[in-house]
Amino acid sequence: MHYLRLIWTYLRLSALNELQYRANLLVQMFNSVLGLAIGLAGLALVFSQTDSLAGWGPLELLVVVGVHTLIGGIIKSVIQPNMYQIAEGVQEGNLDYILTKPEDSQLLVSITRFELWRLVDVLVGLGVLIFAVSRLGQGIGLGEAVAFSVVLLCGGLIFYSFWLAIATTSFWVVRTWAIYEMFDRLYQAGRWPVGIYPSWLRFGLTFLVPVAFAVTVPAEALTARLTPLYLALALGMAALALVAARWFWHFGLRHYSGASA
Amino acid sequence: MKHIAQVLLAAFKAHLIATFQYRVQEGMQMIGLLVESLIYLVVWTTVAKARGGEVGGFSTDEIAGYFIAWMFVRNITTGWSPYAMEWRIRRGDFNSLLLRPVHPIFADTSEMLASKAVAMITVIPAMIALALVFKPRFELVPWSLVALIPALILAFVLRYVLMYVLALTAFWTTRLGGLFELWYGVEFFFSGRVAPLTVLPEWAQQVANLLPFKWMFYFPLELLLGRSQPDEMLFGFAMQILWLTVMVLLIRFVWRRATRRYAAVGG
């Protein structure tokens, strides 16, 4: 309860700050729509040549695009900004102020920034999902909806852990932006179901950079492809990733001597 | 002239050293490039297989060849990002550069060449690795490879000058994100990066012929793959030179206005 209040306060402060820059909403809307248009044009190009891509039809791939946009929005609004902040904090010494606060350090560094306008992507992704699912015809039962929500949450948590681990490396590595850029590229691979990739790449996209769990698995839940095995695997991965990331964060902290002192 | 050569050489050396210092970063960028080509290699191979082994006049192994050669051409033709210019203008770093007695484009250019030289060290092994995995089919046509050299140089210069013009608009807006994204989006489809242009619908192929993007990427790529006919090659060179002339005229015009406009943020 106490933690929820803390999160809420930080979120509200960030949101109020963002509300000052309303023109950014227009810029973000433009970028979101453009991103979607590029994605859709890519799909149209593929499906002008074939009826199905590795067993996925046009509407089913639209579901993948929807999930990809939605998760991408969450990463860009809630996860990434905080992780940049950690790296910057180490370089400039601001991190020390956070560490001296009498609350859980991992929680604090994860909620300091929130980019409100990036949520436009989440809305766009949801819109695409609703459109695609309603057209699919097979309908969505309560079971599918719950399974989807669960694996989506797992995907989000796995990604968060992954990012926290990368941000933690900034205790040792000074320039981390190249990692972020590489990640952006790798995330683009998630626009397509990971099943189309050769097995070594599929492995990498599942366990090294968890694009599969964040995008493909939730999309499978909505297109009646999810097997209980993958549901269990997603839950297991999420738990494991959270524990590992937390351990690594504390390990990093122990090796951190501060930059401002 | 000798003076400018000295400037170029000094900037080249300085940047070469800087790039080597941040090896990890270069490596990461390389992985990014590799992944982008890999995604579309896989997507179009899958499509070609579903169609019985052909898409847009490319067989499955030729698709692999296309996207492997893609990496090479892309590394050579990518210029330096307009975001860097925007950042420089916004931070005020541009002030001291403008005070120097040589045009900043010279130092920028040799920095560019230095990082390309370094990047090739990683691109070539990556291409070999992809070739081993995907077993592409290449057909090396000697005259086409000879024509490739000037085509690549022109493609690079054209893209570079174009980006420079685009970056200069930062003098007016100082916030450019939207414009660039739109630009990259159009380039993505009409340059042949997402797929061979022959996969595009007929009308889009016609549009691609008129836009500059095809001549900055697809044209040299086709020469490398030996897929061009002699008359197509001549037309390609003509289009490259035409666009380059337009851009050089534009850059002179814009530069003069831009420096007059420049307000020295952060002084």
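**Helix packing and burial in a predicted model**

Me: Is A:Thr168 buried or exposed?
Reply: The relative accessible area of A:Thr168 is 0%. Under 20% is buried, over 50% exposed and in between partly exposed, with a 1.4 Å probe and protein chains only. So A:Thr168 is buried.

Me: What kind of model is this?
Reply: Residues are numbered from 1 along each chain as its sequence is written, and chains are lettered from A and ligands numbered from 1 in the order in which they are written. Side-chain values use heavy atoms, without hydrogens and water; local features need pLDDT of at least 70, side-chain atom pairs count only at pLDDT 80 or more, and totals for chains, interfaces and linings use all residues, for this is a predicted model.

Me: Which residues does A:Thr168 touch, not counting those up to four places away in sequence?
Reply: A:Thr168 is in helix α7 (residues 142–168) of chain A. Helices are DSSP runs of H or I, at least four residues; strands are E, at least two; both are numbered from the N terminus. With contact set at heavy atoms within 4.5 Å, A:Thr168 touches A:Phe248, A:Trp249 and A:Gly252.

Me: How do α7(A) and α10(A) lie to each other?
Reply: Their axes come within 8 Å and cross at roughly 175 degrees. Axes are lines fitted to C-alpha atoms, for helices over the stretch in contact, with angles from 0 to 180 degrees between N-to-C directions. Under 35 degrees is roughly parallel, over 145 roughly antiparallel, 65 to 115 roughly perpendicular and the rest oblique. So α7(A) to α10(A) is roughly antiparallel.

Me: How many nonpolar residues are in the contact of α7(A) with α10(A)?
Reply: Members include A:Phe148 and A:Leu152 of α7(A), with A:Phe213 and A:Leu222 of α10(A). Ala, Val, Leu, Ile, Met, Phe, Trp, Tyr, Cys and Pro count as nonpolar, Asp, Glu, Lys and Arg as charged, and the others, Gly among them, as polar. The contact has 1 polar and 1 charged residue; its nonpolar count is 13.

Me: How does α3 (residues 58–92) of chain A lie to α10 (residues 211–222) of chain A?
Reply: Their axes are 9 Å apart. The angle is about 135 degrees. That makes α3(A) to α10(A) oblique.

Me: Which residues of α3(A) make this contact?
Reply: On the α10(A) side are A:Ala214, A:Val215, A:Pro218, A:Ala219 and A:Leu222. The contact has 9 nonpolar, 1 polar and no charged residues. From α3(A) come A:Val63, A:Val64, A:Val67, A:His68 and A:Ile71.

Me: Why does A:Leu25 count as partly exposed?
Reply: A:Leu25 sits in helix α2 (residues 23–47) of chain A. Leaving aside neighbours within four places in sequence, its contacts are A:Trp117 and A:Val120. A:Leu25 counts as partly exposed because its relative accessibility is 27%.

Me: How far apart in space are A:Leu25 and A:Leu119?
Reply: In sequence, A:Leu25 and A:Leu119 are 94 residues apart. In space, C-alpha to C-alpha, the distance is 9.8 Å.

Me: How many helices does chain B have?
Reply: Chain B has 267 residues, and 52% of them are buried. Of its contacts between residues at least 6 apart in sequence, 79% join residues at least 24 apart. Chain B has 2 strands, and its helices number 13.

Me: Which residues of α7(B) meet α6(B)?
Reply: The axes of α6 (residues 104–134) and α7 (residues 142–168) of chain B come within 13 Å and cross at roughly 130 degrees. That makes α6(B) oblique to α7(B). Among the α6(B) residues are B:Pro104 and B:Lys116. From α7(B) come B:Phe156, B:Tyr160 and B:Tyr164.
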